[in-house]
Amino acid sequence: MRGGTSKGAYFLASDLPTDIAERDRILLSAMGSPDPRQIDGIGGADPLTSKVAVISPSSRPGIDVDYLFLQVWVDRPEVSDKQNCGNILAGVAPFAIERGLVRGCDPVTQVRIFMVNTSQTVVATVQTPGGKPEYQGNARIDGVPGTAAPIPLSFSDTAGSTCGALLPTGRAVDLVNGIAVTCIDNGMPVVVMRASDVGRTGYETRDQLDKDTELKARIEAIRLAVGPMMNLGDVKDQTVPKMILLAPPRESGVVSTRSFIPHRAHATIGVFAAVSVATACLLPDSPAHSLARIPDGTTKLMLVEHPTGASPVSLTTDVHDGKTVVTEAAIISTARALFEGRVLVP
């Protein structure tokens with residue numbers, strides 16, 4: 001399925017081995033890893049298209065399905081469960097309805113999803129005329145051609161989902177290797193910094209960033225330094241935190257972003273990364289705040305610009321002890337079922 005601006009293989013948990021080593025062997029073989037082209041599997045030779053969702057009925061009260069996200073590395077034999085994926089999340093609810101894990105209602109179905117990676121809950125609303133998922137519609141998300149049916153995703157417990165706190169260092173700004181950064185986790189651990197502070201515009205193309213070995217080495221040094229500060233330990237072999245370069249918005253957005261995931265430049269920006277970036281923009285001491293164009297109101301529709309457009313994030317805020325606090329985050333995504341059948345593995 002395509003979920004948001006990513007693509008992945010969606011499996012029922014009951015169709016995979018319970019032994020993790022055997023499961024990972026099967027997934028690596030299915031996707032064709034390790035190989036830069038993934039020529040011997042169904043992966044798309046890019047981190048954004050080498051993803052897996054494992055779905056099962058939930059035994060948790062008030063929850064419909066459990067969702068485990070797995071990032072299958074393209075060029076090395078590793079499968080990681082250390083992060084969520086908000087893009088692949090967009091396909092979970094329609095998949096669950098298609099597979100009979102959730103009964104579809106007419107005209108819409110709400111599916112409560114437990115995200116196993118970070119123990120969060122999300123409510124996905126799917127258009128289901130006649131009880132069947134409808135993929136055609138008028139919603140457009142940048143980075144995906146055409147339009148599709150909207151899938152609103154609403155979260156209320158994303159803060160500190162991986163790092164244990166919204167600001168795991170206890171501060172809105174830290175100086176790391178001479179660069180002012182904000183380490184923040186509102187659904188995805190990210191490190192945001194001004195692109196100008198590392199001698200870049202923040203408007204470079206993905207190819208330009210991927211070829212900029214000096215910049216990537218400098219950013220990786222910061223990433224390794226903040227890992228322990230963010231309660232993530234040694235992150236050398238982890239996919240988090242994501243590193244984000246920021247610049248003033250060029251269009252109607254809040255801020256412009258260039259993301260690393262973590263060693264390649266992102267074609268867009270991850271869903272949860274966009275939520276974390278938007279949240280950082282609301283912190284007066286953050287380098288993000290100095291660049292951001294923040295809308296008024298307690299519910300703010302914030303467009304986070306990226307190389308191929310912008311990702312819409314809705315943040316509902318309140319004021320506690322004189323500080324602005326995010327109480328709910330929501331995004332609108334889309335998904336499409338691409339094919340169903342068997343993938344053959346040795």
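Strand β15 contributes the most to the lining of the largest cavity, with four residues. The model is predicted: local features need pLDDT of at least 70, side-chain atom pairs count only at pLDDT 80 or more, and totals for chains, interfaces and linings use all residues. Residues are numbered from 1 along each chain as its sequence is written, and side-chain values use heavy atoms, with hydrogens and water left out. Helices (H or I, at least four residues) and strands (E, at least two) are DSSP runs, numbered from the N terminus.

Rolling a probe the size of a water molecule over the atoms shows where empty space is left. The search ran on a 1 Å grid over the protein atoms alone. A cavity is a set of points where a 1.4 Å probe fits but cannot get out. A pocket is an open set with protein on both sides within 12 Å along at least five of seven lines. Lining residues have an atom within 4 Å of a point. Grid points are joined across faces, edges and corners, and a volume is the space filled by probe spheres set on the points.

Two cavities of 30 Å³ or more were found in the whole structure. The largest has a volume of about 140 Å³. Its lining holds 15 residues, and Asn87, Val271, Ser311, Pro312 and Ile332 lie nearest its centre. At least two lining residues come from each of α6 (271–281), β15 (309–320) and β16 (323–333). By class, this lining has nine nonpolar, five polar and one charged residue. Here Ala, Val, Leu, Ile, Met, Phe, Trp, Tyr, Cys and Pro count as nonpolar, Asp, Glu, Lys and Arg as charged, and the others, Gly among them, as polar. The second largest cavity has a volume of about 30 Å³. Residues that line this second cavity include Arg2, Arg140, Pro145 and Thr334. Its lining divides into five nonpolar, three polar and two charged residues.

The largest pocket has a volume of about 820 Å³. It is lined by 28 residues, of which Tyr10, Phe11, Phe339, Glu340 and Gly341 are the closest to its centre. β2, α1 and α3 (92–98) each supply at least two lining residues. β2 gives the most, with six. The lining of the largest pocket comprises 18 nonpolar, four polar and six charged residues. The second largest pocket has a volume of about 540 Å³. Of its 24 lining residues, Leu166, Leu283, Lys323, Thr324 and Val325 are the closest to the centre. β16 gives the most to this lining, with seven residues. Twelve of the lining residues are nonpolar, eight polar and four charged.

Helix α1 spans residues 20–31. Aspartate 19 caps the N-terminal end of α1, with a side-chain oxygen 3.4 Å from the backbone nitrogen of alanine 21. Glycine 32 follows the helix, and its phi is positive, near 90°.

Buried residues of α1 include Ile26, Leu27, Leu28 and Met31. Buried means under 20% relative accessible area, exposed over 50%, and partly exposed in between (1.4 Å probe, protein chains only). The buried residues of α1 pack against β2 (6–12), β3 (51–57), β4 (65–72) and β5 (79–80). Arginine 23 lies in α1. Arginine 23 counts as buried because its relative accessibility is 11%. Leaving aside residues up to four places away in sequence, arginine 23 touches Leu16, Pro17, Leu68 and Leu70; contact means heavy atoms within 4.5 Å.

Note on methods: Expected span 1.5 Å × (residues − 1). Polar contact = N/O pair within 3.5 Å; in protein donor to acceptor, adjacent residues only side chain to side chain.
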